[in-house]
Amino acid sequence: MSTNRLKERLDKGPVICAEGFLFEIERRGYMASGEFVPMVSLDHPEVLENLHREFQHAGSDIVEAFTYNGHREKMRIIGKEELLEPLNRSALKIAKKVALDTPEGSKPNLMAGNISNSNIWKHNDHQSQKEVEGMFTEMVGWAVEEGADMLIGETFYYAEEAFRALEVMKKTGLPTVLTISPMGENKMRDGKSVVDTCKKLEQLGADVVGLNCFRGPATMFPFLKEIREAVKCHVGALPIPYRTNEDYPTFFNLPDRSNCDCPSPHGRTFPTALDPHFCNRYEIGKFAKDAYALGIHYLGVCCGANPMLIREVAESIGLKVPASKYRENMENHFMYGKNKRIPKHISTYGDKA
Ligand SMILES: [Zn+2]
């Protein structure tokens with residue numbers, strides 16, 4: 001019986017997992033927004049490898065293979081089904097390479113295989129559910145073959161789909177993380193409550209249950225409190241860094257903030273015009289600190305994440321990571337710094353700047 005490296009580390013303290021590769025790779029110009037297929041592992045493997053390294057430098061303990069949306073159905077939609085297995089294997093190999101090559105000052109990393117919402121799962125439809133199970137099985141199989149240390153199932157908005165994903169993951173014997181993503185109705189699409197879904201996932205044997213994506217700190221935190229009280233296993237918290245609120249609990253329907261002269265051509269801020277809603281780093285740091293104080297040890301940021309925010313998560317719970325070398329130092333700012341060498345005629349001009 002091999003040891004559960006993920007659980008061992010979570011029992012001792014925090015484990016950080018950077019997610020949100022979809023948005024960040026899109027911002028860097030290597031993925032079509034809306035379509036969101038991670039061809040980057042085949043088209044520009046060096047870009048993906050470097051992003052993994054940047055997140056690792058910022059404190060991520062887990063290198064999650066970027067196979068989100070890299071499933072058979074999505075590959076059919078774009079007419080590239082023949083690239084399904086190469087895409088998955090390439091993403092997994094890149095993640096493994098980075099995980100085995102941690103920089104000085106980092107803890108050893110874990111490489112995670114990844115499956116997620118299929119978007120063809122249909123309630124009470126045996127045919128669609130069988131098909132989804134097949135998609136999960138093939139992806140999990142490739143992850144095991146490429147040396148995954150653990151498996152992450154994420155962004156499920158159907159409870160039953162999350163249960164099926166976990167069943168497939170559990171067959172491998174690897175540590176499992178299963179995080180769900182309730183939409184604006186504040187319950188799962190098949191009617192189950194968020195807390196009951198997490199309780200069931202714990203019963204089914206997940207090492208970590210919790211929430212990722214769709215919700216910003218403000219609308220994710222109340223659920224996390226309830227989940228932390230309801231389960232005994234570890235809990236995961238990976239919000240999006242956007243200011244969702246009670247009226248708009250997820251980022252899908254967030255209206256623009258104020259009199260935007262240039263709204264997006266497709267009629268909503270999601271996913272290309274969310275920028276004015278972006279959380280600052282202190283908001284994300286506060287979220288991580290508060291979640292950790294509740295006893296939530298598995299922490300990260302989902303869509304919208306960048307290395308700066310991952311460093312903020314790490315530092316807010318008292319960790320020092322390689323990127324801490326370059327944390328903010330306003331002391332030496334040319335106008336707002338307190339360094340003795342900052343000339344008085346410049347520092348006194350700060351309020352007029
Ligand atoms: Zn996300």
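## Close-up views of a predicted model

**View 1. Helix α6 and the elements around it.** Buried residues of α6 pack against α3 (40-43), α4 (45-57), β2 (62-64), α5 (72-77), β3 (110-116) and α7 (126-145). As you look around, please keep in mind that this is a predicted model. Helix α6 is mostly covered, with 12 of its 16 residues buried. Among the buried ones are Leu 84, Leu 87, Asn 88, Leu 92, Ile 94 and Val 98. Arg 89 and Lys 96 are also on the buried list.

**View 2. Gly 70 and its contacts.** Gly 70 sits in the loop between β2 and α5. This glycine is buried, and its relative accessible area is 0%. Setting aside neighbours within four places in sequence, Gly 70 is in contact with Pro 38, Leu 84, Leu 87, Asn 88 and Met 139. For a sense of scale, Gly 70 and Arg 243 are 28 Å apart in space, C-alpha to C-alpha, and 173 residues apart in sequence.

View 3. Cys 213 comes from the loop between β6 (208-212) and α10 (217-230), while Cys 303 comes from the loop between β8 (298-301) and α12 (307-316), so the pair ties together parts that are 90 residues apart in sequence. Are these two cysteines buried or exposed? Cys 213 is buried, with a relative accessible area of 4%, and Cys 303 is buried too, with 8%.

**View 4. The largest pocket.** This pocket holds about 370 Å³ of space. It is lined by 28 residues, and those closest to its centre are Leu 22, Tyr 68, Asn 69, Asn 117 and Thr 155. Elements giving two or more residues to the lining are α2 (21-27) and β4 (150-156). Helix α2 gives the most, with 3 residues. Sorted by class, the lining has 16 nonpolar, 8 polar and 4 charged residues.

How values were computed:
Residues are numbered from 1 along each chain as its sequence is written. This is a predicted model: local features need pLDDT of at least 70, side-chain atom pairs count only at pLDDT 80 or more; totals for chains, interfaces and linings use all residues. Side-chain values use heavy atoms; hydrogens and water are left out. Helices (H or I, at least four residues) and strands (E, at least two) are DSSP runs, numbered from the N terminus. Buried means under 20% relative accessible area, exposed over 50%, partly exposed in between (1.4 Å probe, protein chains only). Contact means heavy atoms within 4.5 Å. On a 1 Å grid over the protein atoms alone, a cavity is a set of points where a 1.4 Å probe fits but cannot get out, and a pocket is an open set with protein on both sides within 12 Å along at least five of seven lines; lining residues have an atom within 4 Å of a point. Grid points are joined across faces, edges and corners, and a volume is the space filled by probe spheres set on the points. Ala, Val, Leu, Ile, Met, Phe, Trp, Tyr, Cys and Pro count as nonpolar, Asp, Glu, Lys and Arg as charged, and the others, Gly among them, as polar.
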